[in-house]
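Q: Please take a close look at one part of this structure, the loops and their phi angles. Start with the chain as a whole, then go to single residues.

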Amino acid sequence: MNIFINYKVKLVDFFKLLEKDKIIKLPEKFDNFSVEIPKIKTHGDLSTNAPMIFAKVNNLSPVDLAAIIKKELDNKFDEIIKIEVAKPGFLNFFFNKDFWYDFLKATDINFGKSDNLVPKKILIEYVSANPTGPLHVGHCRGAVFGDILANLLSFVGNKVVKEYYINDYGNQINQFVKSVYFRILEINNKVLFPVDQDLYPGEYVIDIAKNILKKNNLNISDNYDLIFNDLKKICIEESMDLIKSDLKNLGIIHNNFVSENYIVSQNLVEKALDILKKKNYVYEGILERPKGNEVDDWEPRKQILFQSTKFGDDSDRALKKSDGTWTYFANDVAYHLNKIDRKFDLLINVLGADHAGYLKRQTSCVSALSENKQQMISKVCQLVKLFKSGNQLKMSKRAGDFITASDLINEVGKDSVRFMMIYRSNDSQLDFDFDLVTDHSKENPVFYVQYAHARICSLFRKTKYEINNEKKINLSFLNHEIEIDIIKKIAEWPKCLELSAYHLEPHRVPFYLYELASLFHTYWNTGNENDNLKILNENHPEIQEARLFLIKKIQLVIKSVLDILNVTAPAEM
RNA sequence: GCGCCCGUAGUUCAAUUGGAUAGAAUGCCAGACUACGAAUCUGGAGGUUGGAAGUUCGACUCUUUCCGGGCGCACCA
């Protein structure tokens, strides 16, 4: 039930009739006119800018054309009690209340889901943090963003696969394994942990070392090379356990975990390289020294390069390191070939701000591999700044004392982390305020929306009444302004969903929820000022019935929004 | 030097992707409970949307250019 789409279809049909009768002309593409609830009430219940879109081909001013359409439209539809032509060329429709009552009755458990959407197969890759330790706060944002985006896309009817790419190949992992090894030696043989910039000094490395010793599933030997492979495997498992536990605490469960090692071991890199070679996108050459950025130990190097500049990248990119192993990028090319082979309609990558520079080469390789056929969109999440008591907290991983995701989740709770992380556009930097989020008041938007849900539940606890036959309810008792406003806000939910899903902008969802909750709180308080406006009204069962029906629908929407956010909808607080 | 992101009320951010009078929250000021849960609500003040030019019926939104902030810039992942 989407009144905007329904009404648009209705208008399109009507415009076609007018064209047939030679009353107006329609442009080639004419379905891009808007149908929306105006921000200002004096502009009516629903408005369209169609006259402005059609004005040119009709050689008329938008206002004149609007007047012509208005004349034809007058008295054609039952629900319209008035049509106004407004300044630049809008048509504003004023409906009788039955229009809104009928709409409200038509909402059901599937409300908000698109019934005319062609389902897409979508792969969304997010988090993909290196398995060298627990998640930090920066990861949380991308994690929550990707997860809610996935929920959103699947709610509207798509088939969504959530994937995590494990970067378990290359030097960083080796350094990490070495760090764990030194920690083990430290515990067993009291050998001091070496000072080395490349190693991971963090406390959690000690925990992992202890864990490994406790499980006793490894023969610790002085010969590092001998145990390296086994130790590496165990270290990655330990790290992934940490990460998965953090993710679980955030309410995130991926469908797939794809390992970089696996990609390499299946010779997918060679396969991808062959494809690129056949298309002549690979050559041997020397990259120029980067300008402006001082690199001390720069030296010319002959390497296998990919012509990403052909696809809009700033520079061609190396595929092989001088030691003969693949670069991270080469493996990523292979991984994306693997993604392409799995035949998705859309690939979505969620990246952190520090990887934004990587985006162009990624899209370049997908374009090259798929002949521009594979659709892929990357979403970049900007940085998160943590504030506590007005001070910004530093998050330095090097120092080893960085604030982990689990610190954050333990302190403020999953619901608040999820809500606040998605409450801003991913393109903007985010200030995360500990004090605000632990505060149980109006200032905290999470509690504000949850409180609305709890209040509704409390009403249904209080009354013995149950809605039996929805069709028989007389909604004309909902004639207060706030009640109509709420119905209109409910009507906007499918539109919010549609926009959020289409533009991959999930931050709209909590904003919408806040607005709906706010209207409900207003509604509630009108009953504080005037007893006749209380929702529960035993003396007038029919009025009470209509009002309970309305808040039941509010509850339905709040619940389904919170489900998408994966934030709990409490019955009591 | 190059690339990406951002610049909107004192502050943190929205704005149905080019629509009408730019909205919330917070902070400030003034109010509402012997309670359908005040963890709430009502009202007020607060803006040349960083500056300039351009595109058109119409610009916070698109283009160009400058100014400011963030992130990243040969084999790391």
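A: In chain A, 73% of the contacts with a separation of 6 or more are between residues 24 or more positions apart, a contact being heavy atoms within 4.5 Å. The model is predicted, so local features need pLDDT of at least 70 and side-chain atom pairs count only at pLDDT 80 or more, while totals for chains, interfaces and linings use all residues. Residues are numbered from 1 along each chain as its sequence is written, chains are lettered from A and ligands numbered from 1 in the order written, and side-chain values use heavy atoms, with hydrogens and water left out.

Chain A has 20 helices and 15 strands; these are DSSP runs numbered from the N terminus, helices being H or I of at least four residues and strands E of at least two. Of its 573 residues, 50% are buried. Buried means under 20% relative accessible area, exposed over 50%, and partly exposed in between (1.4 Å probe, protein chains only).

Now the loops. Most residues other than glycine have a negative phi. N59 is not a glycine, yet its phi is positive, about 55°. N59 sits in the loop between helix 2 (50-58) and helix 3 (62-73). Its relative accessible area is 73%, so N59 is exposed.

L504, also a residue other than glycine, has a positive phi near 55°. L504 is found in the loop that runs between helix 18 (493-503) and helix 19 (508-529). L504 counts as buried because its relative accessibility is 5%.
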